[in-house]
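Please examine the sequence and the structure shown here before reading on. The briefing that follows is arranged by topic.

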Number of protein chains: 2
Amino acid sequence: MKIMHYSQVSPRQFDAEAVKGVTGRVVIGKADGAQHFCMRIFELSENGYSPKHSHEWEHEILIHSGKGEVWQDGKWVSVSPGYTVFIPPDEEHQIRNTGHEKLVFACVIPSGVPEL
Amino acid sequence: MKIMHYSQVSPRQFDAEAVKGVTGRVVIGKADGAQHFCMRIFELSENGYSPKHSHEWEHEILIHSGKGEVWQDGKWVSVSPGYTVFIPPDEEHQIRNTGHEKLVFACVIPSGVPEL
């Protein structure tokens, strides 16, 4: 069993044209012996956003803290702590921070695709 | 895409000798078209606890709010918001609320086992 606060995991920063102010951590993955799916925790800084993209694998997301919006079918939908988001394969999506605090969420993906 | 607060999902209550004050919800599962893994949200009321048990499938957990403890190798380990827990297959585990507020956590399991 592995018990730890997500902040103890080494972060990877993402900052480019398509993605801004994003910190990602693989908290449970292949290295832990997780065979079927992988949990990542993302932090988006104020004004930060993930890339607008789609891919063959799904996301299962829980908004942990902060305030943000999710791009769904051409419009932004507000989310806050306790919201869950299921993004099926090949559906375009993006998440952005619309608050003043960090937006923190868990995002689970199947094994066999890049963990981060 | 499915976006909703977990509290919008119909809850199932668990109260017996082995499990006390537990409310479970399948927030993303088979009914949503999730093919590989299933996200549940559990709330444990004050003094509530999940069963002490083990099974063939793993858990990937994020503590969302509240304060509790996880049974690991014969002792209780404290957890609070932002803690993640990986419980490999066949490892005995139990979670209990040690605070005065609800203990809320996400628990992801592979598809093909009972969702709740």
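**Briefing on the predicted model**

Asp73(B) lies in the loop between S6 and S7 of chain B, where strands (E, at least two residues) and helices (H or I, at least four) are DSSP runs numbered from the N terminus. This is a predicted model, in which local features need pLDDT of at least 70 and side-chain atom pairs count only at pLDDT 80 or more, while totals for chains, interfaces and linings use all residues. Residues are numbered from 1 along each chain as its sequence is written, and chains are lettered from A and ligands numbered from 1 in the order in which they are written.

**Residues with positive phi**

- Asp73(B) has a phi near 50°, a positive value in a residue other than glycine.
- Asp73(B) is exposed, since 9 other C-beta atoms lie within 10 Å; a residue is exposed if 12 or fewer other C-beta atoms, placed from the backbone, lie within 10 Å of its own, buried if 20 or more do, and partly exposed in between.
- Asn47(A), which is not a glycine either, has a positive phi of about 70°.
- Asn47(A) belongs to strand S4 (residues 37-49) of chain A and counts as exposed because it has 12 C-beta neighbours inside 10 Å.

**Fold of chain A**

- Chain A contains ten strands and zero helices, and its elements run β-β-β-β-β-β-β-β-β-β from the N terminus on.
- The C-alpha trace of chain A spans about 40 × 30 × 30 Å along its principal axes.
- Of the 116 residues in chain A, 40% are buried.
- Of the contacts in chain A between residues at least 6 apart in sequence, 66% join residues at least 24 apart; two residues are in contact if their C-beta atoms, placed from the backbone, lie within 7 Å.

**Surroundings of Lys30(A)**

- Lys30(A) is placed in the loop between strand S3 (20-28) and S4 of chain A, and is exposed because 12 other C-beta atoms lie within 10 Å.
- Leaving aside residues up to four places away in sequence, Lys30(A) touches Ser111(A) and Glu115(A).
- The C-alpha atoms of Lys30(A) and Gly112(A) are 9.2 Å apart in space, although the two residues are 82 residues apart in sequence.

**Contact between the chains**

- Chain A and chain B each give 35 residues to the contact.
- S8(B) supplies the largest share of the side of chain B that touches chain A, namely five residues.
- That side of chain B divides into 21 nonpolar, nine polar and five charged residues, with Ala, Val, Leu, Ile, Met, Phe, Trp, Tyr, Cys and Pro counted as nonpolar, Asp, Glu, Lys and Arg as charged, and the others, Gly among them, as polar.
- Strand S1 (residues 2-5) of chain A and S8(B) run antiparallel and are joined by four bridges; two strands pair if DSSP finds at least two bridges between them.
- Met4(A) has Thr84(B) as its bridge partner in S8(B).
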